[in-house]
Amino acid sequence: SSDLSFLAANGGPQPVGRGGGGRGAPGAPAAPAPLVVGTDPLAPWMNQATLDKVAALGKMYRDAGVSIYAFKRGSPTDSDAQLDYNFQMAKAIGAHHVTLELPTNPAATERMGAFGKKHGIYVGYHTHTHARFDSFDEGIRQSTHNMMNVDAGHYQAGNSTSVLPLLRRYPDRVASIHLKDRQNNEGPNMLWGQGDTNLKIGRAHAELQSLRHLVCRLLLEKK
């Protein structure tokens, strides 16, 4: 689809198509494509607008008791100027981290981690059913500011096993968690308690509290 093509072109999850990787050596991993970084300057509205209004927006929500924990904007292929501005917006609004789909190109996670460290903002990589136990290893090795934005339901559906072992593996690298109940084997979203996700509301708090140094934000999703 066009969405998958866009993600693939920007270092995101690669679409799986008929024919696979051609007739190369069996099992030989394809070398990641070079990361093509844009050189576009800031858009005119970015040059004209200050971040004062972004900061005021964050304060308005905080004063109302709402914490904006994450900010979703930008791509690993944005220009340096654009990425700087995106991270500055996240900081101004009071976000703990920015989020984006986990790229398959190591150069993309390395670049995002470097910008996160530069601006003091973490980068939480989100995944769907393609995530595996080792999917975050490379990014976590690359930067102290690369984090996980795990979806417990998608992980269960894609692996037919609980996400808890992954959370225990990297207890201090979890930026945020999406909780939903899904069935195994790419099954659908279900009402809580009717799927296979092993992170039920009834014991989620106790399970997560057992992970030392874990500070997580939980997004509860319904069908």
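**Notebook: aromatic pairs, a cavity and one threonine**

I looked up tryptophan 45 and found it partly exposed, at 44% relative accessibility; buried means under 20% relative accessible area, exposed over 50%, and partly exposed in between, with a 1.4 Å probe and protein chains only. The model is predicted, so I note that local features need pLDDT of at least 70 and side-chain atom pairs count only at pLDDT 80 or more, while totals for chains, interfaces and linings use all residues. Residues are numbered from 1 along each chain as its sequence is written, and side-chain values use heavy atoms, with hydrogens and water left out.

**Aromatic pairs**

I counted rings of Phe, Tyr and Trp (its six-membered ring) as a pair if their centres lie within 6.5 Å, with planes under 30 degrees apart taken as stacked, over 60 as edge-to-face and the rest as tilted. The count comes to two aromatic pairs. Tryptophan 45 and tyrosine 85 are edge-to-face, because their ring centres are 6.1 Å apart and their planes stand at 90°. Tryptophan 45 sits in helix α2 (residues 44-48) and tyrosine 85 in helix α4 (residues 80-93), so this pair ties together parts 40 residues apart in sequence. Helices (H or I, at least four residues) and strands (E, at least two) are DSSP runs, numbered from the N terminus. Tyrosine 85 is buried, at 6% relative accessible area.

Phenylalanine 87 and phenylalanine 115 are stacked, because their ring centres are 6.4 Å apart and their planes are at 20°. This pair links helix α4 with helix α5 (residues 106-119), 28 residues apart. I found phenylalanine 87 buried at 2% and phenylalanine 115 buried at 10%.

**Largest cavity**

I took a cavity as a set of points, on a 1 Å grid over the protein atoms alone, where a 1.4 Å probe fits but cannot get out; lining residues have an atom within 4 Å of a point. Two cavities of 30 Å³ or more turned up. About 40 Å³ of space lies in the largest cavity, a volume being the space filled by probe spheres set on the points. Its lining includes Leu102, Tyr125, Phe136 and Met147. Helix α6 (137-142) and strand β4 (146-151) are the elements that give two or more residues to this lining.

**Threonine 197**

I placed threonine 197 in the loop between β7 (189-190) and α9 (201-209). Threonine 197 is buried, at 2% relative accessible area. Its contacts (heavy atoms within 4.5 Å) include Ala152, Gln156 and Asp181, not counting residues up to four places away in sequence. The side chain of threonine 197 reaches the backbone oxygen of lysine 180 at 3.2 Å.

Definitions and conventions. On a 1 Å grid over the protein atoms alone, a cavity is a set of points where a 1.4 Å probe fits but cannot get out, and a pocket is an open set with protein on both sides within 12 Å along at least five of seven lines; lining residues have an atom within 4 Å of a point. A polar contact is a pair of N or O atoms within 3.5 Å; within protein, one must be able to donate a hydrogen and the other to accept it, and residues adjacent in sequence count only if both atoms are side-chain atoms.
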